[in-house]
Amino acid sequence: MDAPKEIFLKDYKLTDYYFHTVDLSFLLGEEKTTVSAKISVVPRVDGVASPLVFDGVDLKLISVKINGNELKEDEFQVGPRHLILTSPPSGNFILETVTEILPHKNTSLEGLYKSSGNFCTQCEAEGFRKITFYQDRPDIMAKYTCRIEANKSLYPVLLSNGNLIEQGDLEGGNHFALWEDPFKKPCYLFALVAGQLESQDDTFTTCSGRKVALKIWTPPQDLPKAEHAMYSLKAAMKWDENVFGREYDLDIFNIVSVPDFLGAMENKSLNIFNSALVLASPETATDADYAAILGVTGHEYFHNWTGNRVTCRDWFQLSLKEGLTVFRDQEFSSDMGSRTVKRIGDVSRLRTRQFPQDAGPMAHSVRPHSYIKMDNFYTATVYEKGAEVVRMYKTLLGSQGFRKGTDLYFERHDGQAVTCEDFFAAMRDANHADFANFLLWYSQAGTPIVKVTSSYNAEARTFSLKFSQTVPPTPGQPVKEPMFIPVAAGLLDSSGKDMPLSSIYHDGKLESVTCCGQPVHTTVLRVTKGEEEFTFPDVPGKPIPSLLRGYSAPIRLQSDLTDEDLFFLLAHDSDEFNRWEAGQILARKLMLSQVVNFQKSSPLVLDPQFVHGIKCILLDSSLDKEFIAKAITLPGESEIMDMMEVADPDAVHAVRKFIRKQLASQLRHEFLNLVKENRSSEKYVFDHTNMARRALKNTALGYLASLEDEEMTELVLHEYKTATNMTDQFSALAAIAQKAGKARDDALADFYNQWQHDYLVVNKWFALQSSSDIPGNVENLYKLLGHQAFDLKNPDKVFSLIGGFRASHVNFHATDGSGYKFLGEVVLQLDKLNPQVASGMVTAFSRWKRYDETRQNLAKAQLEMIVSVNGLSKNVYEIASKSLA
Ligand code: 0A1
Ligand code: ZN
């Protein structure tokens with residue numbers, strides 16, 4: 001196929017025309033939907049009448065009028081992707097179009113489509129052009145009204161953005177609703193829902209005393225499962241007032257739960273969510289599901305200010321809203337649960353999802369420089385690394401300074417479409433801060449590697465830290481500049497206590513680091529050069545440094561800390577995140593050393609000091625239980641492979657399995673006690689204490705199951721049968737399923753029988769099987785593709801079954817090529833249905849060059865096969881071709 005067009009940030013141009021008001025009218029039908037749009041157009045510069053280009057895809061144009069007059073054929077051009085007014089009038093004018101669309105045939109899940117019999121929309125990033133002709137770009141902000149007309153018995157509920165201002169019955173069984181959104185918005189925030197839904201209702205009174213009606217809409221049978229989402233929404237509204245001073249701005253807030261939907265979407269006052277992110281009951285949802293609902297409900301709600309009231313100038317600025325909003329949802333979840341545990345989860349996610357991307361062929365900066373298909377840039381880099389960039393402002397400015405910065409940002413830019421520089425400038429100006437070359441975080445891709453060496457001078461009583469940094473080359477960016485890296489650091493004395501810090505020598509100057517005249521325990525070192533040294537004066541004895549506390553920058557830190565230092569930090573650091581980190585560094589070293597043994601066919605061994613370190617953590621009753629669960633979990637296989645010259649999935653898998661089994665056998669007694677002591681009570685409670693108990697019990701159970709002896713199999717089966725909530729039931733099932741055999745087959749069959757009526761639980765069942773490491777599992781996958789509960793059109797089922805498969809490195813990277821072949825075949829089938837979902841799957845191939853030659857050839861052949869297909873979507877083409885480059 002011809003290479004599709006690439007769009008560049010440097011080519012951004014202001015539009016020649018703005019839209020002030022947009023009145024939409026939908027006549028929803030079973031065969032077709034008619035969309036009438038009336039747009040008031042205002043030229044940016046008076047008197048200029050350049051051609052006006054509207055985007056429009058899969059639209060049938062019925063009529064087009066300007067100022068009430070039907071246009072003649074030579075006054076416009078219409079093609080498959082555009083409508084062009086060749087010589088529009090100079091000055092303001094009204095454009096009216098009537099178009100027809102076919103929502104029931106739309107499987108792409110963008111634009112207007114039908115999901116389980118209901119109508120719904122998804123317009124971000126560029127879906128509005130599938131609804132009507134428009135300048136589909138976020139810097140066109142207009143006020144909307146939306147009239148919806150449909151059959152009343154089929155679609156009793158008609159929703160759109162803003163306030164309901166009129167509704168009524170019509171002849172022929174139809175009814176209508178008229179909605180008006182008083183806030184101007186970009187078209188990607190437009191939404192419409194029509195269908196058979198019921199709402200769970202509540203209210204929230206804002207800080208200024210305004211009463212807001214809250215409604216969560218679901219199909220009638222799901223309504224009881226919306227309680228936790230409602231709790232989450234109210235908590236988020238309160239939190240945003242308390243922490244960011246942001247009040248909700250309308251009298252109504254709707255959330256709709258839809259089974260066929262990619263993630264969740266912040267449309268103004270009408271959020272649309274995938275059902276898995278709304279519906280929960282103790283029997284059907286795990287703690288992880290409950291936590292995801294809390295976080296995502298917060299995320300979408302927080303967009304009301306960071307995204308909606310202040311939006312992006314263009315899609316390259318996506319991280320302006322997403323990085324900031326992810327940061328906000330991370331903070332919200334931290335405040336609702338355990339800050340350390342949340343941080344550990346977020347950093348792990350960054351390492352397993354974003355680091356590989358930043359080191360691969362799709363590496364891009366937080367603000368990408370170009371794209372072929374914007375949908376491909378809703379990435380871990382834009383979202384998660386973007387959130388780390390926002391977190392660095394807070395680390396540098398402190399909570400109060402950061403809040404001053406966000407206040408100024410909202411004050412300056414409310415109602416505007418802006419850029420990442422505008423956010424940067426608000427942070428800087430509100431604090432008169434010197435951010436040096438901080439903006440490089442937006443433009444330079446790749447994870448910086450920072451090396452640090454330390455030295456203690458007993459005579460001078462000084463302790464020095466020498467930093468050197470490099471940023472690896474990434475596609476299009478062969479040479480990098482040094483970045484501004486905030487390194488939060490503390491020094492531990494020989495008893496493990498934090499030393500008080502008052503000053504630092506840096507750049508030939510002695511700088512005070514006190515806070516309100518008092519010494520501090522953690523200070524933030526501003527590393528901005530390729531090589532740089534910081535020296536602490538008056539250090540009475542050789543300290544152990546605790547570096548990058550709380551993971552203060554998204555970098556790979558390589559320090560000269562010895563194993564002994566790391567065990568010391570694991571036992572004593574006042575920064576709990578760094579206690580976990582010390583354990584992880586030790587585990588990574590251990591795993592890598594055993595990988596070498598495995599590859600040499602030498603026997604694998606487990607360092608007794610490591611077992612001792614884990615045992616101390618297990619038995620430390622002063623520690624948070626979920627922290628313990630995290631601290632005893634080994635780094636994932638992908639994290640270890642990422643650190644190898646040539647990734648070897650078989651070796652890493654064997655080593656991880658070996659260490660787990662050894663730990664289980666040597667700490668069997670302790671793990672058994674943890675299971676017994678932390679069993680759940682009858683009633684499920686969603687709070688940190690109870691979640692932490694369940695997490696610890698189930699982590700211990702997973703270890704015990706790895707022993708594969710009869711007594712443990714009995715124990716796990718017992719836990720499975722006596723479970724009173726999905727967290728415990730599913731963890732026990734996963735523990736049983738580690739080993740192929742009759743116990744596994746029976747438990748999986750039993751689980752399906754029990755839950756076949758609940759598609760969300762069945763999706764877990766798919767994911768558990770597809771991500772399994774049992775040998776030759778790909779056969780099973782082919783069978784599951786044909787399972788009655790599977791449907792390639794539903795993204796959740798695809799993520800569970802196909803996405804889940806990618807998590808099993810041994811099976812996906814099987815040396816007979818069966819895993820690659822399976823994925824290649826499915827990608828092509830998917831591409832015809834939903835290119836966005838297909839391109840999400842094809843990314844699994846993108847790091848093929850990291851593997852040995854046999855695997856490289858097999859994966860490359862699949863990629864070549866994919867790009868050679870006629871009619872391939874832009875989405876898949878972009879990922880596959882960049883992967884091959
Ligand atoms: N703005 C949403 C993300 C999102 C983007 C595109 C979608 O299209 C299917 C769906 C959701 C968010 O960050 O919440
Ligand atoms: Zn978002």
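Me: Helix axes are lines fitted to C-alpha atoms over the stretch in contact, and angles run from 0 to 180 degrees between N-to-C directions. This is a predicted model, in which local features need pLDDT of at least 70, side-chain atom pairs count only at pLDDT 80 or more, and totals for chains, interfaces and linings use all residues. Residues are numbered from 1 along each chain as its sequence is written, while chains are lettered from A and ligands numbered from 1 in the order in which they are written. At what angle do helix α1 and helix α3 pack?

Reply: Helices here are DSSP runs of H or I with at least four residues, and strands are runs of E with at least two, numbered from the N terminus. The axes of α1 (residues 227-244) and α3 (residues 318-336) lie 11 Å apart, and the helices pack at an angle of about 105°.

Me: Which strands stand at the edges of the open sheet?

Reply: The open sheet has 3 strands in the order β4-β8-β7, with antiparallel pairing (a pair needs at least two DSSP bridges), and its twist averages 15° from one strand to the next. Between β4 and β8 (residues 82-85) there are 4 bridges, and Val-53 has Ile-84 as its bridge partner in β8. Each edge strand has a single partner, so one side of each is left without a neighbour in the sheet, and these strands are β4 (52-55) and β7 (76-78).

Me: Which elements give two or more residues to the shell around ligand 1?

Reply: The residues around ligand 1 (C-beta atom, placed from the backbone, within 6 Å) include Glu-110, Met-265, His-299, Glu-300 and Tyr-378. The elements giving two or more residues to this shell are β20 (264-265) and α2 (287-302).
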